[in-house]
Amino acid sequence: GKDVGCVGSYTEGGKNHIVYEKNIALTVSLDLYNRLKKTYPDKNISLTRNADYYPTLSERVKKANSIKVKENEAILYISIHANASLNNRAQGFEVWYLPPEYRRTVIDKDESTKEIHAILNSMMEEEYTMESILMSKYVLDGLDKEIGGVSRNRGIKEEEYIVVKGVKMPSILVELGFVTNKEEAKRLCTPSYLDKCTTGIYNGLVSFIYQFESSRGFIAR
């Protein structure tokens, strides 16, 4: 929609091409959504947007938090982006998670848990943090296998991004590359390259979900 995100460009055939982050993110997200729906037909796979319109950051968070899960169910939040830098030589992919020291309220208070709410919330928050770090590593490894040969692996990092810090679940933010780097901007507009980006995220999530469910003894069949 109105927020095109990071903007870059590249030249090909004597023509200048403008690159918008919103188009890269939507293309990869829709592809990832379709793959996950096919692999997990019994799971609820949701998008904050499925076309070129603008949900605010708070609306995205609110939508994620509005999804209800039953006991022994879990929900994951993945935010997909393209990056930018004042240094036009900067390039590469990275995955972010919330710093362990950042504290949020992930369990709603009620009369039955009021006295031990702080303890329960702290335990759940620590679990979410660990799961976010593990999910970050799996997704980064998946991306590295697909695009690491042509793009730099910048690792997993910590930051209090608004779009992930308000959600009450394990959450990560994926940066696929820098649109301000002309070579990378061109790659991020190439369907075959975006397909590899999606494959990397998808494979990482599938591996994480398998390990997550295996450790809890209820692998989806």
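**Questions about a predicted fold**

Colleague: Thanks! In which strand does Tyr20 lie?

Modeller: Strands here are DSSP runs of E with at least two residues, while helices are runs of H or I with at least four, both numbered from the N terminus. Tyr20 belongs to residues 15–20, which form strand 2.

Colleague: Val7, Ile18 and Tyr20 form a nonpolar patch on the surface, but how much accessible area do they have together?

Modeller: A patch joins residues with over 30% relative accessible area and no salt bridge, like charges within 9 Å and nonpolar side chains (Val, Leu, Ile, Met, Phe, Trp, Tyr) within 5 Å. Areas come from the Shrake-Rupley method with a 1.4 Å probe, and for residues only the protein chains shown count as cover. For this patch of Val7, Ile18 and Tyr20, the accessible area is about 250 Å².

Colleague: Let's zoom out. In what order do the elements of the protein chain run from the N terminus on?

Modeller: The protein chain contains six helices and six strands. Reading from the N terminus, their order is β-β-α-α-β-β-α-β-α-β-α-α.

Colleague: What percentage of the residues in the protein chain is buried?

Modeller: The protein chain has 221 residues. Its buried residues make up 41%.

Colleague: Why do the buried residues of helix 2 line one face of the helix?

Modeller: Helix 2, residues 57–65, has Arg60, Val61 and Ala64 as its buried residues. An α-helix has 3.6 residues a turn, so residues three or four places apart point the same way. Ser58 and Lys62 are exposed on the face turned away from the buried side of helix 2. Looking down the axis of helix 2, and taking directions from that axis to the C-beta atoms, the buried residues line one face because they fall within an arc of 95°.

Colleague: How many salt bridges are there by this rule?

Modeller: The rule asks for a side-chain nitrogen of Lys or Arg within 4 Å of a carboxyl oxygen of Asp or Glu. One of the pairs is Glu12 with Lys186, whose closest N and O atoms are 3.1 Å apart. Glu12 is in strand 1 (residues 7–12) and Lys186 in helix 5, so this pair ties together parts that are 174 residues apart in sequence. The count of salt bridges comes to nine.

Colleague: Is Glu213 buried or exposed?

Modeller: The side chain of Glu213 meets that of Lys43 in a salt bridge of 2.8 Å, N to O. Lys43 is partly exposed at 23%. With a relative accessibility of 9%, Glu213 is buried.

Colleague: Which residues is Asn181 in contact with, leaving aside its neighbours within four places in sequence?

Modeller: Asn181 sits in the loop between strand 6 (171–178) and helix 5 (182–187), and its 9% relative accessibility makes it buried. Contact means heavy atoms within 4.5 Å. Beyond those sequence neighbours, Asn181 is in contact with Asn88, Arg89, Ala90 and Gln91.

Colleague: And what is the relative accessible area of Ser136?

Modeller: Ser136 has its place in helix 3 (residues 117–147). Leaving aside neighbours within four places in sequence, its contacts are Val95, Trp96, Tyr97, Ile156 and Ile172. Ser136 is buried, and its relative accessible area is 0%.

Note on methods. Residues are numbered from 1 along each chain as its sequence is written. This is a predicted model: local features need pLDDT of at least 70, side-chain atom pairs count only at pLDDT 80 or more; totals for chains, interfaces and linings use all residues. Side-chain values use heavy atoms; hydrogens and water are left out. Buried means under 20% relative accessible area, exposed over 50%, partly exposed in between (1.4 Å probe, protein chains only).
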